[in-house]
Amino acid sequence: MAVRAMVLLGAPGAGKGTMAEVVKAAMPVTHIATGDMLRDEIRAASALGQEADGYMRQGRLVPDDLIVRMVMRRVDQGAPDARYMFDGFPRTRPQADLLDRHFQERGAQLALVVLLEVTRDICLDRLTGRRVCRKCGANFHVRNIPPLVAGVCDQCGGELYQRPDDMPETIERRLEVFKEQTAGLIDYYSDKGLLVRVDSSRHRDETVPDLMQAIADRHF
Ligand code: ADP
Ligand code: ZN
């Protein structure tokens with residue numbers, strides 16, 4: 001068996017992280033969330049983290065070569081038959097091209113790209129209300145998925161905080177960046193026959209069965 005991967009594609013706030021948690025609970029898969037990896041690097045004050053921090057605070061994309069190196073290093077550390085779920089990667093056409101090239105060289109296969117479709121209003125609401133656990137990274141929402149105790153993570157008791165890029169002005173920029181730099185990947189993967197669209201504007205309990213069906217259909 002060769003390395004296999006799937007991609008979760010969608011605007012900020014589309015539910016990539018939430019759906020990734022569901023898939024992880026259902027099957028053995030290594031979750032590669034580039035945003036989370038970058039936030040870990042920032043916390044560790046690594047050279048990569050220091051470079052990424054400024055871009056992220058402004059809601060801009062981190063340069064392609066940094067991202068691709070970081071992702072492929074992780075893939076190369078894994079087992080030769082590992083399954084990966086990319087979340088927030090690729091985000092630009094050059095990233096997608098480089099991923100193709102690396103996978104071709106390794107005999108790895110991209111099995112499907114799930115597009116989580118949402119309206120702009122839902123993205124805005126989800127991002128402005130989002131709270132994240134500092135310790136374990138779990139996501140909550142002040143109204144839709146409130147923690148049992150305000151400001152405290154249900155799972156680990158860690159402190160909940162608002163990501164600096166979840167401030168209203170930065171959210172606008174991130175949605176623009178998605179339209180300008182990432183949305184082109186929809187046609188790119190659709191032309192390759194890899195794209196599956198899932199309506200992610202519904203409650204997660206309604207979205208999950210469609211996502212799991214797509215994964216099963218593509219024998220991921
Ligand atoms: P969201 O999808 O909600 O915007 P992420 O955690 O995936 O959240 O990304 C947060 C930020 O991290 C992005 O705005 C960007 O600055 C940076 N980032 C994450 N993934 C990538 C990527 N593949 N390419 C470039 N920048 C990235
Ligand atoms: Zn937690």
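Select A45 to begin; this residue lies in the loop between helix 2 and helix 3. Helices (H or I, at least four residues) and strands (E, at least two) are DSSP runs, numbered from the N terminus. A45 has a positive phi of about 55° although it is not a glycine. Most residues other than glycine have a negative phi. With a relative accessible area of 46%, A45 is partly exposed. Here buried means under 20% relative accessible area, exposed over 50%, and partly exposed in between, with a 1.4 Å probe and protein chains only.

This is a predicted model, in which local features need pLDDT of at least 70, side-chain atom pairs count only at pLDDT 80 or more, and totals for chains, interfaces and linings use all residues. Residues are numbered from 1 along each chain as its sequence is written, chains are lettered from A and ligands numbered from 1 in the order in which they are written, and side-chain values use heavy atoms, with hydrogens and water left out.

Next, select Q50, which is placed in helix 3 (residues 47-57). Is Q50 buried or exposed? At 57% relative accessibility, Q50 counts as exposed.

Now select R39, a residue of helix 2. R39 is buried, with a relative accessible area of 17%. Leaving aside neighbours within four places in sequence, R39 is in contact (heavy atoms within 4.5 Å) with M56, Y161 and R163.

**Ligand 1**

Select ligand 1 and display the residues around it. A residue is near a molecule if one of its heavy atoms lies within 4 Å of it. Which residues come nearest to ligand 1? Of the 19 residues around ligand 1, those that come nearest are K16, T34, R39, R60 and Q95. Helix 2 (residues 34-43) gives the largest share of this shell, four residues.

Colour the shell by class. Ala, Val, Leu, Ile, Met, Phe, Trp, Tyr, Cys and Pro count as nonpolar, Asp, Glu, Lys and Arg as charged, and the others, Gly among them, as polar. By these classes the shell around ligand 1 has eight charged, seven nonpolar and four polar residues.

- T34: a polar side-chain atom lies 2.7 Å from a nitrogen atom of ligand 1.
- G88: a polar backbone atom is 2.9 Å from a nitrogen atom of ligand 1.
- R174: a polar side-chain atom lies 2.9 Å from an oxygen atom of ligand 1.

On its own, ligand 1 has 550 Å² of accessible area, of which the protein covers 96%. Such areas come from the Shrake-Rupley method with a 1.4 Å probe; for residues, only the protein chains shown count as cover.

**The two domains**

Colour the chain by domain. The domain assignment gives domain 1 (4-118 + 168-217) and domain 2 (120-166); such bounds come from an automatic or database domain assignment. The contact between them takes 19 residues from domain 1 and 14 residues from domain 2. The C-alpha centres of domain 1 and domain 2 lie 20 Å apart. Why does ligand 1 lie between the domains? Both domains give residues to the shell around ligand 1, so it lies between them.

**D166 and R174**

Select D166, in the loop between strand 7 and helix 7 (168-182). At 0% relative accessibility, D166 counts as buried. The side chains of D166 and R174 are joined by a polar contact of 2.9 Å. A polar contact is a pair of N or O atoms within 3.5 Å; within protein, one must be able to donate a hydrogen and the other to accept it, and residues adjacent in sequence count only if both atoms are side-chain atoms. Beyond four places in sequence, the contacts of D166 are L127, T128, R130, I171 and R174.

**V152**

Move to V152, in the loop between strand 6 (139-141) and strand 7 (160-161). V152 counts as partly exposed, at 30% relative accessibility. Not counting residues up to four places away in sequence, V152 touches P147, G157, G158 and L160.

**Two backbone features**

Select F89 and P90, which are joined by a cis peptide bond with omega about -10°. P90 lies in the loop between strand 3 (83-87) and helix 5 (93-106). Most peptide bonds are trans.

Finish at H219, in the segment after helix 9 (204-217). Phi of H219 is near 50°, a positive value in a residue other than glycine. H219 is exposed, with a relative accessible area of 65%.
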